[in-house]
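Biologist: I would like to learn how to read a few features in a model. Can you take me through them?

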Amino acid sequence: MAGIAASIWSSIRSYLDWFYFPKISWTDVLDIIIIAYLIYHILLWLKTSRAWTLLRGIGIIVLFLGLAALLRLNTILWISKNLINVFLLAIIILFQPELRNALDELGRKNILRNIINNTTTKDPDRNLSDRTVFELVKTVTELSKTKTGALIVLEHETPLGEYINTGILIDAEVTEQLLVNIFEKNTPLHDGAVIVRNNRIIAATCYLPLTERTDVNKELGTRHRAGLGISEATDSMTIIVSEETGGISIAHRGVLYRDLGETQIREKLADIQDKPDDKPVRAKRAKKGGHKA
């Protein structure tokens, strides 16, 4: 009887030897969680960007090459093998805007902002002052009445040096009189955008990148597309006054808020003032969202 039991146990052990049970430590679990998190966010980024369309095109090419390998089409396989380096370089070029936006968004995350910070203490002058907000609201309201087109970019934490260099340096206080004169039609500085930094007008006639989105309302002109473009590339906020309708819009983080009144403009500007006592109020407002362009 004992011999039979030993034989059965030996058979069971030989069967179990086919299975491999790895030893899992807490570092392995952490490794899996990090990789799963990265894969999820990469797929989410691909799904919500133009990269998803490009990936489908690449998928068709990969399927074609797989079919060529299956049918042993040696000429096609030889050509693809020798062009693989060019193909990888082409992918980087095609995905350049998406990769830049993804890295820019990663740099805006709070977890990295606390670690990688270019200054130990934030300059209080970088926040929009109440006086600057008052002058901006008064300016765009006046420009709206006369249907004078305007584009005012408010720098936040992402430096706008590359866009400032495309314009004419001014370095003056933010006042209604100056801004109205800048955007007055047929004046040397009316074309392009004004950039505000540290509560001062730094430059005028600046060129901004236009949004590449295809879902933008066809009624929107170049000013609105430029406002959306800079809001997608940086964390700045842009005030836009339509020359056709006189409507006031604000572009922030890729969202365009249209046909705003004075109160709504002040609320949006408060979002980048970074006042500690206003944070709960701004968080409540943010839940309301905005209108997609």
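Modeller: Thr 158 has a relative accessible area of 17%, so it counts as buried. The cut-off for buried is under 20%. Keep in mind that this is a predicted model.

Biologist: Where is Thr 158 placed, and which residues does Thr 158 touch?

Modeller: Thr 158 sits in the loop between β1 (150-154) and α9 (161-164). Leaving out residues up to four places away in sequence, Thr 158 touches Thr 234 and Asp 235.

Biologist: Is Thr 234 buried or exposed?

Modeller: Apply the cut-off again: buried means under 20%. Thr 234 has 3% relative accessibility, so it is buried. Its place is the loop between α11 (222-233) and β5 (237-241).

Biologist: What does the side chain of Thr 234 reach?

Modeller: Look for N or O pairs within 3.5 Å. The Thr 234 side chain reaches the backbone oxygen of Ile 230 at 2.8 Å. A polar contact of 2.8 Å also links the side chains of Thr 234 and Ser 236.

Biologist: Now the helices. How do α8 and α12 cross?

Modeller: Start with the axes. Those of α8 (residues 130-145) and α12 (residues 262-270) come within 10 Å and cross at roughly 140 degrees. Roughly antiparallel would need an angle over 145. The two helices are therefore oblique to each other. Their crossing is right-handed.

Biologist: Which residues make the contact?

Modeller: From α8, Val 133, Leu 136, Val 137, Val 140 and Thr 141; from α12, Glu 262, Ile 265, Arg 266 and Leu 269. By class, the residues of this contact are six nonpolar, one polar and two charged.

Key: Residues numbered from 1 in each chain as written. Predicted model: local features only at pLDDT ≥ 70, side-chain atom pairs only at ≥ 80, totals over all residues. Heavy atoms only, no water. Helix = DSSP H or I, 4+ residues; strand = E, 2+ residues; numbered from the N terminus. Buried < 20%, exposed > 50% of the residue type's maximum accessible area, 1.4 Å probe, protein only. Polar contact = N/O pair within 3.5 Å; in protein donor to acceptor, adjacent residues only side chain to side chain. Axes fitted to C-alpha atoms, helices over the stretch in contact; angles between N-to-C directions. Parallel < 35°, antiparallel > 145°, perpendicular 65-115°, else oblique. Left-handed = near helix turned anticlockwise from the far one by under 90°. Contact = heavy atoms within 4.5 Å. Nonpolar A, V, L, I, M, F, W, Y, C, P; charged D, E, K, R; others polar.
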